[in-house]
Amino acid sequence: MSHHAPHHRLVDVPGGRIHLVEQGTGPLVLLVHGFPESWYSWRHQLPVLAEAGFRAVAIDVRGYGRSSKPREVDAYRMLAHVADNVGVVRALGAETATIVGHDWGSAIAANSALLRPDVFTAVGLLSVPYAPRGGPRPTDAFAMIGGGDEEFYVSYFQEEGTAEAEMEPDVRGWLAGFYAGLSADTMPSPASPSLHFVPRGGKMSDRFEPGSRLPSWLTEADLDVYAAEFERTGMTGALNRYRNVDRDWEDLAPWDGAPLTQPSLFIGGDQDASTTWLADAIKAYPQTLPGLVSSHILEGCGHWVQQERAFEVNRLLVEWLRAFHVA
């Protein structure tokens with residue numbers, strides 16, 4: 001079966017413009033990346049989904065790449081990302097879509113499906129499990145996770161300009177350290193301090209392994225693509241997602257404890273803190289994801305699942321999509 005080469009487009013949405021890359025024709029599958037990434041994180045999925053009979057569309061999330069980057073921090077609230085995704089589906093002339101997200105994209109995908117079940121008829125979650133809105137105010141909870149001499153990375157990211165000052169002088173080097181630190185083949189030994197905790201008065205990169213090699217999934221050329229995007233945009237748009245955790249908690253109060261009922265899929269890595277720390281969220285899936293079709297924890301896989309284990313993730317995605325689309 002023939003399918004088109006990947007095609008770049010800018011589409012207008014109510015909140016600005018979204019850059020996307022699409023490949024193939026058929027039912028729409030919207031792919032939403034996480035932090036600190038790009039549409040490019042789905043480079044291995046686009047051709048395979050297209051070949052399988054789907055219209056695969058990977059976006060640059062608001063604040064990233066060639067998409068709009070509003071100045072106001074509150075322009076990055078979850079409701080804005082949901083609106084962007086609805087806008088993309090409409091701009092592509094579709095009524096409905098399957099939405100698949102990784103990392104922050106997983107939370108964005110879950111909330112898009114939760115708030116707009118009329119548009120997002122199935123949802124795939126990679127690395128970060130679904131956990132319904134609830135609990136104490138997020139910044140209070142994150143403050144409690146930190147110890148006296150270190151703070152949880154989400155707390156460290158809260159203050160405008162602090163994390164930027166660490167990352168932006170050497171974007172390429174910082175990204176290399178961060179990607180390596182969360183990849184199964186290059187992550188620090190369990191005995192080393194976690195890079196999810198930042199020494200007080202220090203930087204997250206203090207916890208990177210010095211002189212670490214690139215993970216096997218990331219070539220120098222791949223790193224150049226990511227680095228070039230952030231050299232141009234800076235890191236603020238990406239970091240502003242973290243600066244909305246309390247605002248989201250307020251905005252999403254009407255959906256407190258709400259399950260996601262659409263057909264769903266979860267894929268995590270067994271070496272990923274997102275999976276191990278949130279093990280209780282995965283255990284709660286019978287209540288929180290009653291439409292779960294399948295859940296997979298990949299052995300020896302870190303955080304960047306669709307890049308670390310592209311072949312396996314592609315197979316699982318296509319099997320899952322075919323379960324409710326007669327392709």
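**Briefing: surface, fold and one buried glutamine**

The model is predicted. The protein chain holds 15 helices and 10 strands.

Overall dimensions
- The protein chain has a radius of gyration of 19 Å, which agrees with the value near 20 Å that a compact globule of 327 residues would have.
- Along the principal axes, the C-alpha atoms of the protein chain fill a box of roughly 55 × 45 × 40 Å.

Packing and contacts
- Of the 327 residues in the protein chain, 57% are buried.
- Taking contacts in the protein chain between residues at least 6 apart in sequence, 76% join residues at least 24 apart.

Charges
- The protein chain carries 26 positive and 41 negative charges.
- The mean positions of these positive and negative charges are 5 Å apart.

Glutamine 262
- Glutamine 262 sits in the loop that runs between α10 (245-251) and β9 (264-269).
- Glutamine 262 counts as buried because its relative accessibility is 8%, and buried means under 20%.
- A polar atom of the side chain of glutamine 262 lies 2.9 Å from the backbone oxygen of alanine 113.
- Leaving aside residues up to four places away in sequence, glutamine 262 touches Ala113, Pro117, Phe120, Thr121, Ala122 and Gly291.

How values were computed
Residues are numbered from 1 along each chain as its sequence is written. This is a predicted model: local features need pLDDT of at least 70, side-chain atom pairs count only at pLDDT 80 or more; totals for chains, interfaces and linings use all residues. Side-chain values use heavy atoms; hydrogens and water are left out. Helices (H or I, at least four residues) and strands (E, at least two) are DSSP runs, numbered from the N terminus. The radius of gyration is taken over C-alpha atoms; the globule rule is 2.2 Å times the number of residues to the power 0.38. Buried means under 20% relative accessible area, exposed over 50%, partly exposed in between (1.4 Å probe, protein chains only). Contact means heavy atoms within 4.5 Å. Lys and Arg count as positive and Asp and Glu as negative; His and the chain ends are not counted. The place of a charge is taken as NZ of Lys, CZ of Arg, CG of Asp or CD of Glu. A polar contact is a pair of N or O atoms within 3.5 Å; within protein, one must be able to donate a hydrogen and the other to accept it, and residues adjacent in sequence count only if both atoms are side-chain atoms.
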